[in-house]
Amino acid sequence: MERHQIRTSSAPAAIGPYSQAVRTGQFVYCSGQIPLDPATGFLVEGDIAAQTHRVIQNLQAVLESAGTSLANVVKTTVFLIHMSDFSAMNAVYASYFEGTGRIAPARSTVAVAELPRQAQVEIECVAFVEM
């Protein structure tokens, strides 16, 4: 199956040997995004809510570059430094993925010891591309 690298300047560039996303067939596999502002390259200031908004906006930019959207996300994995941030992260997450007639993606949420650049949250996802 053919693979295509997805790149956009509207989300932080990959800082290692990985792609922002890879499309194969009708699916897009997005690398984890942390709350970096793509314009400055710096971590956004603020609490878990502010960081979660930025992370999902970064994912949205990558997905749009791949020809799909958050509405087509089928699976996410959320990495949190503190599980005590779950409720605040979940409220922001719900604002992007819930709604009338929408099916929220499958999701795993795990606590981790540390994330790049001292981020509080990282999210990766898989989405389909409508043909």
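This is a predicted model: local features need pLDDT of at least 70, side-chain atom pairs count only at pLDDT 80 or more; totals for chains, interfaces and linings use all residues.
Let's start with Thr-8, in the loop between strand E1 (3-6) and strand E2 (21-24). Helices here are DSSP runs of H or I with at least four residues, strands are E runs of at least two, and both are numbered from the N terminus. Residues are numbered from 1 along each chain as its sequence is written, and side-chain values use heavy atoms, with hydrogens and water left out.

Back to Thr-8. Is Thr-8 buried or exposed? Thr-8 counts as buried, because its relative accessibility is 16%. The cut-offs: buried is under 20% relative accessible area, exposed is over 50%, and partly exposed is in between, with a 1.4 Å probe and protein chains only. The Thr-8 side chain reaches the backbone nitrogen of Ser-10 at 3.1 Å. Beyond its neighbours within four places in sequence, Thr-8 is in contact with Gln-20, Ala-61, Val-62 and Ser-65. Contact means heavy atoms within 4.5 Å.

Now the helices. Helix H1 covers residues 48-65 and helix H2 covers residues 86-97. Two packed helices are described by the angle and the distance between their axes. Here the axes come within 8 Å and cross at roughly 35 degrees. The axes are lines fitted to C-alpha atoms over the stretch in contact, and angles run from 0 to 180 degrees between N-to-C directions. The crossing of H1 past H2 is right-handed, that is, the near helix is turned clockwise from the far one by less than a right angle.

Which residues make the contact? From H1, they are Ile-48, Ala-49, Thr-52, His-53, Ile-56 and Gln-57. From H2, they are Ala-88, Met-89, Val-92, Tyr-93, Ser-95, Tyr-96 and Phe-97. By type, that contact has nine nonpolar residues, four polar and no charged. Nonpolar here is Ala, Val, Leu, Ile, Met, Phe, Trp, Tyr, Cys and Pro; charged is Asp, Glu, Lys and Arg; the others, Gly among them, are polar.

Next, the loop between strand E5 (106-111) and strand E6 (121-128), where Arg-117 lies. Most residues other than glycine have a negative phi. Arg-117 has a positive phi, near 55 degrees. Arg-117 is partly exposed, at 44% relative accessible area. Gln-118 lies in the loop between E5 and E6 too. Its phi is positive as well, about 65 degrees, though Gln-118 is not a glycine. Gln-118 is exposed, at 57%.

Within strand E5 itself we have Val-110. Val-110 is partly exposed, with a relative accessible area of 34%. From Val-110 to Tyr-18, 92 residues apart along the chain, the C-alpha atoms are separated by 22 Å.

Last, the whole chain. How many helices and strands does the chain have? Two helices and six strands. From the N terminus on, the order is β-β-β-α-β-α-β-β. The radius of gyration is 14 Å, close to the 14 Å that the globule rule gives for 131 residues, so the chain is as compact as a globular protein of that length. That radius is taken over C-alpha atoms, and the rule is 2.2 Å times the number of residues to the power 0.38. Buried residues make up 41% of the 131 residues. Of the contacts between residues at least 6 apart in sequence, 69% join residues at least 24 apart.

Notes. A polar contact is a pair of N or O atoms within 3.5 Å; within protein, one must be able to donate a hydrogen and the other to accept it, and residues adjacent in sequence count only if both atoms are side-chain atoms.
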